[in-house]
Amino acid sequence: MKIHKLISDSETLAALCKRLSQADFVCVDTEFMRENTYWPELCLIQIADSEEAAAIDPMAPGIDMTPLMDLLVDNEDVLKVFHAGGQDVEIIYNITGRTPHPIFDTQIAMMAVSQSEQIGYSNLCESWLGITVDKGARFTDWSRRPLDARQIDYAIGDVTHLSKIFPKLLNRLIKTGRGTWLNAEMEKLADPDNYKNDPEQAWQRIRAAGRNPAMLGRLKAIARWREIEAQDKNIPRGRIARDETLADIASHPPRQQSDLAKVRGLSQAWKENEIGRRLVAAIEASKPLTDAELPPRTPRGAPLGKEGALVADLLKLLLKIRSREIDVASRLLARSDDLELLAAGVRKNIPLLEGWRYDVFGRDALDLVEGKMAFAVVNGKLKMTHVDDIVEDEAVAAEADPVDDDIPGDDIPGDDIPGDDIPGDSGAENAGQADGAEAE
């Protein structure tokens, strides 16, 4: 594979993108800094197909990134391959207002061919290529210039290795027939709605106790205020105020600005500065949420109290068994919240009861809840078996090896033990008493 020098001019970048536009796929990675900013600062982009790879410097003076962005978001003929690409996609969305498409994420794909929940890039390379990735440059400040050769080599390695892994992983998916399982997951990754920083929706990311319309209305207003402040100042939203602080203010709103000094997590200066005034103004302008705006009541807990919680635990055990049996990450099949909903009696709008998930796991999960499945130990391994199968197996076994009640020697003279026939002491009654004693 040809490895280019760091690209820092528009002409070289345009020529590279023209060649890559004819490829079947390109592997993409980014290096960025976001510790001190609201918007992640793009510092480097690495890209490769099966024949060439390069790192591009988006911070180079005068460089036109348009050809690269067009390749990523406009060219539907080239598959864009990432590993754990959520943040990379977010950065591209922030620049273009669009997301790369079509898209493939190797971390998600690994969930369909192994029990790896969130395999890291280093482990991916070791598993598929047998190589150890040098992590020495992972704490680089990518915004500093110049970047040395070791840093650039480290960054480019993220896409050169990926370009070798992707075809192998794709072949595995084709052989297992599980490629279609991932379509919805990849489309979800590419959904622009996941990357919008809409201040009006910011409150939905904050945990708040209860569904009081007035309290949630205040939360919506002050979350919107914080988002706008953070965007305008380009600093992390947590530097303005933490989620816990906003939830506390929404539940116990200050009567006047001077009361902000009593709020844990806010500076004393807020009782008289401009940002404090804007916060109080946001609280005062808030309106209770309408019924349509209130979050839906999500059924939680078990229909039979503690018994329902045990059902949820059994479903989680079934999930572990099934993921082991078919070598799939359990998280891809179902999430804990979905299992709890199923245990609580919900039967609609649960992903595990739809599509391929229902065929692979959901049907058996539903049968378990409805008493049609049972646990069994086979050759030392825990498995789930349909109750009907157990009954059928027992019937077949009985037919193949019928019990002969006329066992020779069964009627041995003197076999009647004196006192054995105590009135009222039948075997059935004894068994019932034994069971009752055991139960107590």
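Helix α3 (residues 86-96) lies across strands β2, β3, β5 and β6 and runs at about 85° to β2, where axes are lines fitted to C-alpha atoms, for helices over the stretch in contact, and angles run from 0 to 180 degrees between N-to-C directions. Helices (H or I, at least four residues) and strands (E, at least two) are DSSP runs numbered from the N terminus. The model is a predicted one, in which local features need pLDDT of at least 70 and side-chain atom pairs count only at pLDDT 80 or more, while totals for chains, interfaces and linings use all residues. Residues are numbered from 1 along each chain as its sequence is written, and side-chain values use heavy atoms, with hydrogens and water left out.

The strands form an open sheet of six, in the order β1-β4-β3-β2-β5-β6 and with mixed pairing, two strands being paired if DSSP finds at least two bridges between them. Because β1 (2-3) and β6 (103-105) stand at the edges with a single partner strand each, one side of each is left without a neighbour in the sheet. Helix α1 (residues 10-20) also packs on the sheet, where it touches β2 (25-33), β3 (41-48) and β4 (52-56), and its direction makes about 140° with that of β4; contact here means heavy atoms within 4.5 Å. Strand β5 (residues 79-82) runs parallel to β6 and is joined to it by three bridges, and K80 has I103 in β6 as its bridge partner.

Within strand β4 lies E52, which is buried, with a relative accessible area of 10% (buried means under 20%, exposed over 50%, partly exposed in between, with a 1.4 Å probe and protein chains only). Beyond its neighbours within four places in sequence, E52 is in contact with M1, K2, H4, L16, R19, L20 and I47. By contrast, D232, found in helix α8 (residues 213-233), counts as exposed at 64% relative accessibility. The C-alpha atoms of D232 and Y38 are separated by 9.0 Å, although these residues are 194 apart along the chain.

Helix α12 (residues 306-326) has buried residues G308, A312, L315, L318, L319, I321, R322 and S323, and just after this helix D327 takes a positive phi of about 55°.

As to confidence, the chain averages a pLDDT of 87, and 86% of the residues score at least 70, pLDDT being the predictor's confidence in each residue, from 0 to 100. Over residues 412-440 pLDDT stays under 50, and the model has four contacts beyond four places in sequence for them. Where pLDDT is low, the predicted coordinates should not be read in detail.
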